[in-house]
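Look through the structure below before reading on.

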Amino acid sequence: MMNDPDRRKMQITRMKMEHIPQIAAIEAETFSEPWSEKGFADTLTMDHVLFYVAVTSGQVTGYCGIYLAADEGELTNIAVATGFRRRNIACQLLDTALPQAFAKGAGRIYLEVRRSNAPAISLYEKYGFSVAGIRKGFYQFPQEDALVMMKESADNDTKDKEKLL
Ligand code: COA
């Protein structure tokens, strides 16, 4: 994989204002109820929100966000641009964001995911999340149940802490 030129050029960094138009474009092509540019921009001033972007050759190719509240985190966003999926970008975003959230005091991290979203569920399981509950009819457009998934900080791989940004 080290010979993959896109991978060599990919970097994970904290989200900045300059990234937001490209993030919102990925969000709009990915989700039926996308966050607006303002929604992302508002988080820039919130120190309890962690947002990271993957940048490949100057282009935003993915992003993820975690909200921290008391001793819990919520993974609110993760997406990778269509043409850049299956290149390990989501893994690298989580390799950065999850250890940072745990280091900032989250004892566990929750997320919601559409029940039919096999790629995302597989990603989360790979990172040690397991199903903690179901929210019936949680999503609209189309209506669908959400799986609530959770990962405890004790499950986190401490080697990832070397990568804190
Ligand atoms: N089918 C099954 N598993 C998949 C998958 C697919 N099409 N795509 C990713 N995965 C899982 C696998 O477990 C994979 O590990 P593996 O390569 O060892 O099999 C793991 O995710 C990591 O893959 P990676 O290449 O890092 O994922 P990605 O960069 O393609 O991003 C998503 C994965 C889910 C973020 C991406 O598909 C996406 O943006 N989907 C639309 C947005 C979305 O659904 N977000 C989640 C909302 S809750």
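A polar contact here is a pair of N or O atoms within 3.5 Å. The model is a predicted one, and the contacts described below are read from its computed atom positions. With that cut-off in hand, take A90: one of its polar backbone atoms is 3.0 Å from an oxygen atom of the ligand. At I78, a polar backbone atom is again involved, this time 2.8 Å from a nitrogen atom of the ligand. R85 takes part through its side chain, with a polar atom 3.4 Å from an oxygen atom of the ligand. On its own, the ligand has 920 Å² of accessible area, and the protein covers 76% of this.

Where does the ligand sit? Its place is the largest pocket. This pocket has a volume of about 1,400 Å³. Its lining is made up of 38 residues, and those closest to the pocket centre are F31, I78, N117, A120 and Y124. The elements that contribute two or more residues to the lining are α2 (20–30), β4 (72–80), α4 (89–103), β5 (108–114), α5 (118–126) and β6 (130–139). Among these, β4 supplies the largest share of the lining, 7 residues. Sorted by class, the lining contains 19 nonpolar, 9 polar and 10 charged residues.

The last part concerns the backbone. Most residues other than glycine have a negative phi, and most peptide bonds are trans. Against that background, look at the loop between β6 and β7 (144–152), where P142 is found. F141 is found in this loop as well. The peptide bond from F141 to P142 is cis, and its omega is near -5°. F141 also has a positive phi, near 55°, although F141 is not a glycine.

Another positive phi belongs to S57, also a residue other than glycine, with a value near 50°. To find S57, go to the loop that runs between β2 (49–56) and β3 (59–69).

How values were computed
Residues are numbered from 1 along each chain as its sequence is written. This is a predicted model: local features need pLDDT of at least 70, side-chain atom pairs count only at pLDDT 80 or more; totals for chains, interfaces and linings use all residues. Side-chain values use heavy atoms; hydrogens and water are left out. On a 1 Å grid over the protein atoms alone, a cavity is a set of points where a 1.4 Å probe fits but cannot get out, and a pocket is an open set with protein on both sides within 12 Å along at least five of seven lines; lining residues have an atom within 4 Å of a point. Grid points are joined across faces, edges and corners, and a volume is the space filled by probe spheres set on the points. Helices (H or I, at least four residues) and strands (E, at least two) are DSSP runs, numbered from the N terminus. Ala, Val, Leu, Ile, Met, Phe, Trp, Tyr, Cys and Pro count as nonpolar, Asp, Glu, Lys and Arg as charged, and the others, Gly among them, as polar. A polar contact is a pair of N or O atoms within 3.5 Å; within protein, one must be able to donate a hydrogen and the other to accept it, and residues adjacent in sequence count only if both atoms are side-chain atoms. Accessible areas come from the Shrake-Rupley method with a 1.4 Å probe; for residues, only the protein chains shown count as cover. A molecule sits in a cavity or pocket if more than half of its atoms lie within 2 Å of its grid points.
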